[in-house]
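Student: I have a model open and would like to go through some of its local features. Could we start with the backbone?

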Amino acid sequence: LHMALSMRRGLQRFFSVVAAHAEEIKIEVPWGHISGQAFGPRNGHPVLAVHGWLDNSTSFLGLQPFLPANTRLVAIDLPGHGFSSHRPQGIKYNFFDWVQDVDLVSHALGWKQFSLLCHSMGAAIGSLYTGTFPERVSSLCLIEGVVPLQEGPERARENLRASVVKYTTLARSPRRNHVEPTLETAEAKLLKSNPALTPASAKVLLQRGAIACEGGYHFTRDLRVRYPSGLRLTEEMVNSFLRHVTCDVMLVVGKDSHLHAVMLGEREQRQIELLKKTARAFELVHVPGSHHVH
């Protein structure tokens, strides 16, 4: 758990530590490219960092300096986020496709086995990937997230209906990215929509979250990312993945985060207990901070 312990020390330090110089990467995929940032020696221990919903790879810049020196960290922008290509027009952002993206990236990097460092939605992606391909993941660090959103089977019809209606509305009346006149107004909008962010972290995310355009700046995320998936897993389906998570696992939760309360739920406690049984080693760490604690 040396890697995980180093992550723990980094999470407890002040966010604005300057990361090492990043190497910009671009991985070709059938619909365009997946962008990211790489740090550390190319022959170092491989770590793939997967960010949360509507964030991007800069989410991990504050944590990177605290990783062991022999770490090769590759933080990606998920499709529809940061500098990565958007999905083709007419294609939905289904949660399971991001699990596929992790596999595409890891194979493109030539990694047979690697560690996953994941935040929020990225944590849910990482858990499902690890449960699907346990032989490929040597350790899993989950920050402020464990599994995807879960629903009982009785909600399947309503979820699919809501998703179809949203996408049909978008297809019939495409929305355009709103242009913010300055980076300061873009930052203010980001902070208003996400109160868990600090001004410092908002500035970091905007490095890849907004680009200059005619009249000011627009956000780089694809508006379609905001619409719900048509289907969600049940608790039983999620557990079928967790039973195959056999590597070292660390779960990091901010003491002031909404997840702190969520984890007290009966279902969540059952799933944490399941991870404790299946993982080679498991540690739950509470640190000061909110959802964007890293």
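Student: Is Leu 54 buried, partly exposed or exposed?
Tutor: Leu 54 is partly exposed, with a relative accessible area of 23%. Buried means under 20% relative accessible area, exposed over 50%, and partly exposed in between, with a 1.4 Å probe and protein chains only. This is a predicted model, in which local features need pLDDT of at least 70 and side-chain atom pairs count only at pLDDT 80 or more, while totals for chains, interfaces and linings use all residues. Residues are numbered from 1 along each chain as its sequence is written, and side-chain values use heavy atoms, with hydrogens and water left out.

Student: What is the phi of Leu 54?
Tutor: Phi is near 65° there, a positive value in a residue other than glycine. Most residues other than glycine have a negative phi. Leu 54 is placed in the loop between β3 (45-50) and β4 (71-76). Strands (E, at least two residues) and helices (H or I, at least four residues) are DSSP runs, numbered from the N terminus.

Student: And Glu 144, where does that lie?
Tutor: Glu 144 lies in the loop between β6 and α4 (156-172). Its phi is also positive, about 55°, although Glu 144 is not a glycine.

Student: Buried or exposed, that Glu 144?
Tutor: Glu 144 is buried, with a relative accessible area of 2%.

Student: Changing topic: how many residues of β10 are buried?
Tutor: Seven of the seven residues in strand β10 (residues 248-254) are buried. Asp 248, Met 250, Val 252 and Gly 254 cover one side, and Val 249, Leu 251 and Val 253 are on the other.

Student: Which strands pair with β10?
Tutor: Strand β6 (residues 137-143) pairs with β10 in the parallel sense over five bridges, and Leu 142 stands opposite Leu 251. Strand β11 (residues 281-287) also runs parallel to β10, joined by seven bridges, with Asp 248 opposite Ala 281. Two strands pair if DSSP finds at least two bridges between them.

Student: Now the helices. At what angle do α5 and α6 pack?
Tutor: Helix α5 (residues 183-193) and helix α6 (residues 199-209) pack at about 115°, with their axes 10 Å apart. Axes are lines fitted to C-alpha atoms, for helices over the stretch in contact, and angles run from 0 to 180 degrees between N-to-C directions.

Student: Which residues make that contact?
Tutor: Among them are Leu 183 and Leu 190 of α5 and Pro 199 and Leu 206 of α6. Contact means heavy atoms within 4.5 Å.
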